[in-house]
Amino acid sequence: MTARPNGNSGSDVLGGTETRISWEGQAAPHESVSSLSFTLSEGTRFSLDNAKLTLLTGEDHMTRTKVDARFSSEGQTVTVSIGGEVEPGAYYRVELYGVEFPAAGGNLTVEGTASFADGSRQELSDLPSIKVTAVSPADQLARYLEGQDWVKAWNSNKFLKLFFNPPLLVTSFPVVMNGFFLAVGIVAVAFPLAIPVGLALSFMRMSRFRVPRAIAAAYVNVVRGTPVFLQIYIAFFGLPLAGVEIPSFPLGVLVLGMNSGAYLCEIFRAGIQSINKGQFEASRSLGMSRAQTMLFVIIPQTIQRVLPTMTSEFILLYKDTSLLAAVGVMEVVMYAKTIVAATGSITPYIVAACFYLVFTLPLAKLVGIFEARLAGNNAGSAKKRARKLKSAARQ
């Protein structure tokens, strides 16, 4: 019992994809088979169209003999009924087309039974199982698309096939999605790390003491003045040379978080300095310390003002995760790059771009909403102040 390979290469038998199974067997010298039955594994689909029986007789089993063979099915069982009397000891070959094994794959068995002219029956023992390779829904859809005329016409154009191959687009999607989840995970950890770093650096930049101001200024100028790509290379290749071994994920989080912290430092500093100095004086007059003033009065207003800019920085940080592909971190671009290297098509990069857009476009829209709301609040405050001035002037 064998199955015809139906993969693009090799000897794999893929689930969820049509193939052909064949059974071959020889009767004993005194046996004449009248019918053969085969029970396929549950979930296997098949067709009786083009099914055939080949009968070889003679001493050397090289004589093809025509017989009246009728195929029928009941449930998962296919029966071949042979009309007339067949020469004992013949060689039989049954071929069944349109067979589609379950997509989940596995070692699938076929049970068989032979009935003889004398009325006896015998199970066909020792039939080998068929190793079926599991196929994902995306692969099934891709194979379906490959057979469509419009896809064939589309891919006949080299430019369209290179940049937007529909079957490859479908198969690339779940693979690149793994990188998308990793990139989101990196940002979800790196950005919360960058916020306190940026806030601490902004306080140091505004400190009355020269040393913390100099340290923060040096850090911010170096980080913002050098490419993040270079910083990633120094961290991933320099630290191991120094004997410091850090796994790729936490190291990537650390590098991106510290880089983003330098930019958030300037964002927070600008936000704090935009608060009217009168609020500092009013808080001190109420007996609040400098730390209490910052914590309860200044920082809440600062966060509200810099929220749109922070969201923009979050978007930039997410896009910067693509640079980690250069050091082997399996994020969006790295997964896409692997598929491109195997297929020679740019389509996986288009899929990667879609994953970035799905994440960044809603956030960009959110930034616009924040900015509009902030502008509305400022305009409302200005109008209230103008009304108060007019009222005071009338009195």
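Predicted model: local features only at pLDDT ≥ 70, side-chain atom pairs only at ≥ 80, totals over all residues.

**Ser-312**
- With a relative accessible area of 28%, Ser-312 counts as partly exposed, because that category covers values between the limits of 20% for buried and 50% for exposed.
- Between Ser-312 and Glu-85 there are 83 Å in space, taken from C-alpha to C-alpha, and the two residues are 227 apart in sequence.

**Nonpolar core**
- The largest nonpolar core comprises 38 residues, and those with the most contacts inside it are Val-176, Ile-232, Phe-236, Leu-256 and Leu-324.
- At least two residues of this core come from each of helix 4, helix 6 (228-241), helix 7, helix 9 (290-320), helix 10 (332-343) and helix 11 (347-394), and helix 4 supplies the largest share, nine residues.
- As general background, nonpolar side chains tend to be buried together in soluble globular proteins.

**Packing of helix 4 with helix 7**
- Helix 4 (residues 166-205) packs with helix 7 (residues 248-273) at an angle of about 40°, and their axes are 5 Å apart.
- The crossing of helix 4 and helix 7 is right-handed, and the residues of their contact divide into 22 nonpolar, six polar and three charged.

- Five strands form an open sheet in the order 1-3-9-5-6, with antiparallel pairing.
- Strand 1 (2-3) and strand 6 (63-65) stand at the edges with a single partner strand each, so one side of each has no neighbour in the sheet.
- Two bridges pair strand 1 with strand 3 (residues 18-26) in the antiparallel sense, and Thr-2 has Ser-22 of strand 3 as its bridge partner.

**Hairpin of strand 7 and strand 8**
- Strand 7 (residues 68-74) and strand 8 (residues 77-83) run antiparallel and are joined by seven bridges, with Ser-72 standing opposite Thr-79 in strand 8.
- Two residues lie between the strands of this hairpin, in which Gly-75 takes a positive phi near 65°.

How values were computed. Residues numbered from 1 in each chain as written. Heavy atoms only, no water. Axes fitted to C-alpha atoms, helices over the stretch in contact; angles between N-to-C directions. Helix = DSSP H or I, 4+ residues; strand = E, 2+ residues; numbered from the N terminus. Left-handed = near helix turned anticlockwise from the far one by under 90°. Nonpolar A, V, L, I, M, F, W, Y, C, P; charged D, E, K, R; others polar. Pairing = 2+ DSSP bridges. Core = buried A, V, L, I, M, F, W, Y, C linked by side-chain atoms within 4.5 Å. Buried < 20%, exposed > 50% of the residue type's maximum accessible area, 1.4 Å probe, protein only.
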